[in-house]
Amino acid sequence: MILRAALALTLSSAGPALAEDLQLAFPLDCTLGQDCHIQQYMDRDPSSAAQDYRCSGLTYDGHKGTDFALPDRAAMAAGVTVRAAAGGVVKGLRDGMQDNAPLSEVRGRECGNGAVIDNGNGWETQYCHLKRGSLRVTDGQKISEGDVIGQVGQSGKAAFPHLHLSLRHNGQPVDPFDPKGSDCTTVPSDTLWQDTPPYRAGGLIAVGFADHVPSYAAIKAGDAGRDTLSPDAPAMVIYGYSYGTQKDDVLRLSLSGPNGVVIEKDVIMDKPQAQSFRAIGKRMSRQWSPGRYTGTVVLLRSGRVIDEKHGSVTVQ
């Protein structure tokens, strides 16, 4: 059955949704801030600009859902379960689309593999970009909250592995973080979440180490980082993989070892980026001393810490 696409809907609303009408459970088997993050919120700006429900730019023009992202394609390959955020009846589904396919092959099927669930009382939820062959529901099936729908993938129009979750009431998009459309300068008093995920206007996906500056493709694949380096490694590099950065954000990278600081530097971001990485390193002048090297990456905005991650690599 053809999946009913949400992407063509406008941002107009038939009226404020009431929080007591529906409550959503978290839809993934992951922990926010550890092995997944919210990459994009719903766009609340009706103009050609974009703004999320907290007056920030963690969205893009016309985005009608919430994107829950995995750190890399290795995590996608390992498998992260997508569960029903609310019970209902499956009213449309699609499977079989390739993950990470060229955009020319997904026109008209931007949602990729996924399902639409009729949650009753005019509500429906849509799950997009699921991994090919992972769907575990059938058309017309009655499902309960928490039932397995499939796994996170990168099918359809998706630049990274993630679940796009859309919520609609009487056919109109609803932001579950702020169903009443409050002023974005205030924290919404009501949401449609059983346990509202904390808001983050950007953050760090990973910190990693290598003996050279890795390619962005390797970082997105999950192949870049090393747990050990040899004493004669040509260089020692630390990188920070970030999301939702803004112009003039600072990525503070530092690396220390048995003999003290190896390298540290503040990198200023020159433009907003949905995802990006920055790396610093030092070439070997003589063999690296054996032992544990620790690294820290801090994301700062206007002098305030937005996120911080730590890691280590062993020279042996």
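This is a predicted model: local features need pLDDT of at least 70, side-chain atom pairs count only at pLDDT 80 or more; totals for chains, interfaces and linings use all residues.
I started at Asp99, whose side chain reaches the backbone nitrogen of Arg132 at 3.1 Å.

Where does Asp99 sit? I found it in the loop between strand 4 and strand 5. Leaving aside neighbours within four places in sequence, I listed the contacts of Asp99 as Met76, Leu130, Lys131, Arg132, Gly153, Gln154 and Ser155.

Next I went to strand 2, residues 66-69. Thr66 and Phe68 point one way, Asp67 and Ala69 the other, and all are buried. Which strands pair with strand 2? Strand 1 (residues 37-40) does, antiparallel, over three bridges; strand 9 (residues 162-169) does too, also antiparallel, with four bridges. I checked Phe68 on both sides: it is the bridge partner of Ile38 and stands opposite Leu163 in strand 9.

Leu163 took me to the largest nonpolar core, which has 44 residues. Leu163 is among those with the most contacts inside it, along with Val82, Tyr127 and Ile149. Helix 1 (73-78) and strand 9 are among the elements that each supply at least two residues of this core. I also noted a second, separate core of 22 residues, including Val207, Leu253, Leu255 and Ile306.

Last, I looked up Ile149: beyond its neighbours within four places in sequence, its contacts include Val82, Ala115, Tyr127 and Val137.

Notes: Residues are numbered from 1 along each chain as its sequence is written. Side-chain values use heavy atoms; hydrogens and water are left out. Buried means under 20% relative accessible area, exposed over 50%, partly exposed in between (1.4 Å probe, protein chains only). Two strands pair if DSSP finds at least two bridges between them. A nonpolar core is a set of buried Ala, Val, Leu, Ile, Met, Phe, Trp, Tyr and Cys residues joined through side-chain atoms within 4.5 Å. Contact means heavy atoms within 4.5 Å. A polar contact is a pair of N or O atoms within 3.5 Å; within protein, one must be able to donate a hydrogen and the other to accept it, and residues adjacent in sequence count only if both atoms are side-chain atoms.
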